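Hi,

Here is the model I promised to pass on.

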Amino acid sequence: VENVRLLDRLSSRKAALGTLYLTATHVIFVENGSETRKETWVLHSQISSIEKQATTASGCPLLIRCKNFQVIQLVIPQERDCHDIYISLIRLARPVKYEELYCFSFNPKLDKEEREQGWKLVDLKEEYNRMGIPNNYWQISDVNRDYGVCDSYPTEVYVPKSATAHIIVGSSKFRSRRRFPALSYYCKDNNASICRSSQPLSGFSARCLEDEQMLQAIRKANPGSDFLYVVDTRPKLNAMANRAAGKGYENEDNYSNIKFQFIGIENIHVMRNSLQKMLEVCELKSPSMSDFLWGLENSGWLKHIKAIMDAGIFIAKAVAEEGVSVLVHCSDGWDRTAQVCSVASLLLDPYYRTMKGFMVLIEKDWVSFGHKFNHRYGNLDGDPKEISPVIDQFIECVWQLMEQFPCAFEFNERFLIHIQHHIYSCQFGNFLCNSQKERRELKIQERTYSLWAHLWKNCADYLNPLYRSNHSQMQGTLCPQMAPCNFLYKFWSGMYNRFEKGLHPRQSVTDYLMAVKEETQQLEEELEVLGERLANLQKSQLSYNKVKSKQQDQSKQLGLSTSNNSLANTPQEYSNDLKSFPSRSPSQGDEEDSALILTQDNLKSSDPDLSANSDQESGVEDLSCRSPSGGGCLPSEDSGKDSDEAVFLIV
Amino acid sequence: MLRSSQPLTGPNRKRCREDEMLLGMVLDEGERGFIIDTRSAQAAKQARMSGGGTEPKSSYPQWRRLHRPMERGRPLQESFIRLVEACNDTSITMDRWLSRLESCRWLSHVKAALSTACLAAQCMDREEASVLVHGAEGTDTTLLVTALAQLLLDPSCRTLLGFQGLLEREWIEAGHPFHLRCAHSAYSHARLKQEAPLFLLFLDCVWQLSRQFPFSLEFGERLLLTLFDNAYASAYGTFLCNNEKERCLCKVKENAHSLWAWLNQPGEKQQYLNPLYSHNVLVIWPSVEPQSIQLWQGLFFRWIRSSQYLDEAWAEIQRLAESS
């Protein structure tokens, strides 16, 4: 459709005119203009909702809200066209079969072996080995090898040595969805462990010998402690209400030596509404400080984030400081349980704060333990009441920790944002379906590619320059400050305002420091090489010319100087009063902006695999997307690497 | 950019030929200028009753007046006191923290100050018009706006020495009454009439800039905290008294040392520098959206939270920047 306008949320002056395309996988808006062909790509999988607004004189507005928090406002000239687009998008954004998803057509041009290798990058058996299992207390069990005991669990589960198959099966019958207690994390220093399950089907008075034996087995697997914490992450009221439905929580009287604890994290419906309210605040036009703070508090979002974090801290402390094992559950043990176990693991074990370790953590506590990705993130069209930002909250907890402990993580904010993006994008097969069983039935690993391999290949983009494996913040457990600590929880504008250029520095400190670090490393390596050659010079006759030119090339490549003054930022609309005044000619403003928009050649934007590029102003796509695999590049406009001043642009 | 105090128009709409001539001389034929009045239109009008007022359009035809109400005086001090109380209150739960923060209004004042400074800068840089800034006395919000605007516009003000010069010019010599304004700070029950944290508000705005433009200021948070400390209590004479006249009478220059002299010593200077600094000749335009304005934890939680992890991060940044 031609003559479509793409509005800018913050400045009505900067509407772009162009053509809208709908493909099988994307919506693409291409801006008119001779040299510039600025493109905005949106994956159908990312579309969360489409709103047709009232027709005005200028056309029919269409608002597209995305799961990665991008909001696109289009104005279609003809009502008929607008309606067609609306209907099409509704259908395209709500796939019915898995085969409709992008991951089945995405082609990064890798061969079969490379695809396989990509899937092998994260190996959970290796991970449990790293923890020290199997050992005297814990073993791997194949009781669920055909998913016969629990169809949302993996085939390989880790249980206490003294838990026989009989006990496991018995316990599973007494747990919601058959999700029996299984190992999530084992601390070899003191044998304390974190186990996870779903709620027991205890009702008001039911008991199950095998389930009680299971908990006893877990407790005994930690000889250093004579009791076990059982943590129910639900608010007490909800848990009690479940008893009326024949479920509930563990009675301390029935289970020997447990200490029971409620932690009170709200359910998926509350979280869904909380996010909704927060996004409404983000959509306010020119909010006052008051509007913003009230709106944010009213959404309750940061309160929930803190609740999840506090639960993780409690469990980490129990394991690290008290040496006591913990069994965690919520209702079904696949939402709050996953959040809390993974936060606790992250605090406890520095390995999970490395890039590889983080991928492993997600594979372990989210993917293998049957978090319902499809239902929660809407891969396929389903029940809207199942949708909830569960993993988003976990990812935000990680970001909040990164802000408090800047040296403690090997990866940076961009890593988290890209992972969140791809959970919704369905470009890779890792986060499809609701369980390992479903994924294997669909043969995901043979038909799609692994996100981990893709991220790993681009790991240079995701490193935290302040990280050092021998840094003090990487030794042992992270201990976030307890009260007062409300002020430590910040609004994550890098995620929720990701696509609003004006809110973020155009040049990030992270990227600058990474460039410096790389340059220093390279120079140090050079120095070493030169040192060797100097020594060899005495023996042979080498010319220096080769070496010199190599050096020059490298420093040119790394020419990310911060004083490239050709790029300026522009002021926000600080005042309505100035509009009526004769201001500079618009072309002067445009000149500055057009310097930011790269030409067709640089962008290689004809390659459809440059997916989801919503804005190419920052001029980085050509650097990061030149990878030979050619596929699955993410918009890097969220923290551009270009050699500019850290400037703010609200157009 | 010019600054002054309010014109003494009074209830009878007095005129002053000399004042009109002076302002007229600033602008060329056909040029337009802006007057940024840091009081609300209503407050400015009410000022006439006590002998003050605004520049009437008829007498100053080339100047367009814009009102940008900014808090000062007693209410600003209250805002400061409430904020410090909130920060120290360990009983606030997360579900009430933000509204408590909002009720202090401090961040709104930061937003207003930055917005007004941006407006002044925009008038000069984009509209290429001259700007006159004044409030009532010309000693508080006026200086806040002119000083901040210069930081935005002029890269030389963002160097360590340039910033000191800016402070000397726009705060000290311009006659901000430090002695009255920076008396007891937030914990005192004295509630002095003349006390108000304008200078702190300025430093907070500068901190916001340093966060939004991490490469553009040659100095870091450490300097801002040191300035805050010295404004209230100092071993140096720089922030003493209320104006140059008083400093002369007290013979400050003969009897006390200059803070700048100490800060600029090669041994001392290092800790105040920003390792990421890279001279940027461009104008910097901050975002004044609420998401972009943050609570200055380094100041308000200075004694409440451990800065260990952040200090370690800064040490890393320093190490990396120096190795380059």
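Below is what I found, starting with the ground rules.

This is a predicted model, so local features need pLDDT of at least 70 and side-chain atom pairs count only at pLDDT 80 or more, while totals for chains, interfaces and linings use all residues. Residues are numbered from 1 along each chain as its sequence is written, chains are lettered from A and ligands numbered from 1 in the order in which they are written, and side-chain values use heavy atoms, with hydrogens and water left out.

First, the annotated site. UniProt, in an unreviewed entry, lists a "binding site" made up of Asn267(A), Ile268(A), Cys330(A), Ser331(A), Asp332(A), Gly333(A), Trp334(A), Asp335(A) and Arg336(A). Those residues are spread over 70 residues of sequence, yet they cluster in space, with a largest C-alpha distance of 12.3 Å. Bear in mind that UniProt positions are in the numbering used here, feature names are shortened, and annotations may be inferred rather than shown by experiment.

Two of these residues are worth a click. Ser331(A) is in the loop between strand E14 (326-329) and helix H10 (336-348) of chain A, and Asp335(A) is found in the loop between E14 and H10 too. (Helices, H or I with at least four residues, and strands, E with at least two, are DSSP runs numbered from the N terminus.) Ser331(A) counts as buried because its relative accessibility is 17%; for Asp335(A), also buried, the value is 8%. Buried means under 20% relative accessible area, exposed over 50%, and partly exposed in between, with a 1.4 Å probe and protein chains only.

Leaving out residues up to four places away in sequence, Ser331(A) touches residues including Ser176(A), Arg234(A) and Arg336(A). With the neighbours within four places set aside, Asp335(A) is in contact with Trp366(A), His371(A) and Arg376(A), among others. Contact here means heavy atoms within 4.5 Å.

Now the interface. Chain A puts 70 residues into the contact and chain B 67 residues. About 6100 Å² is buried between the chains, 63% of it from carbon and sulfur atoms; that is the accessible area (1.4 Å probe) that two parts lose on being put together, summed over both.

How many salt bridges are there between chain A and chain B? The count is one: Arg468(A) pairs with Glu316(B), the closest N and O atoms being 2.7 Å apart. The rule asks for a side-chain nitrogen of Lys or Arg within 4 Å of a carboxyl oxygen of Asp or Glu.

Cheers
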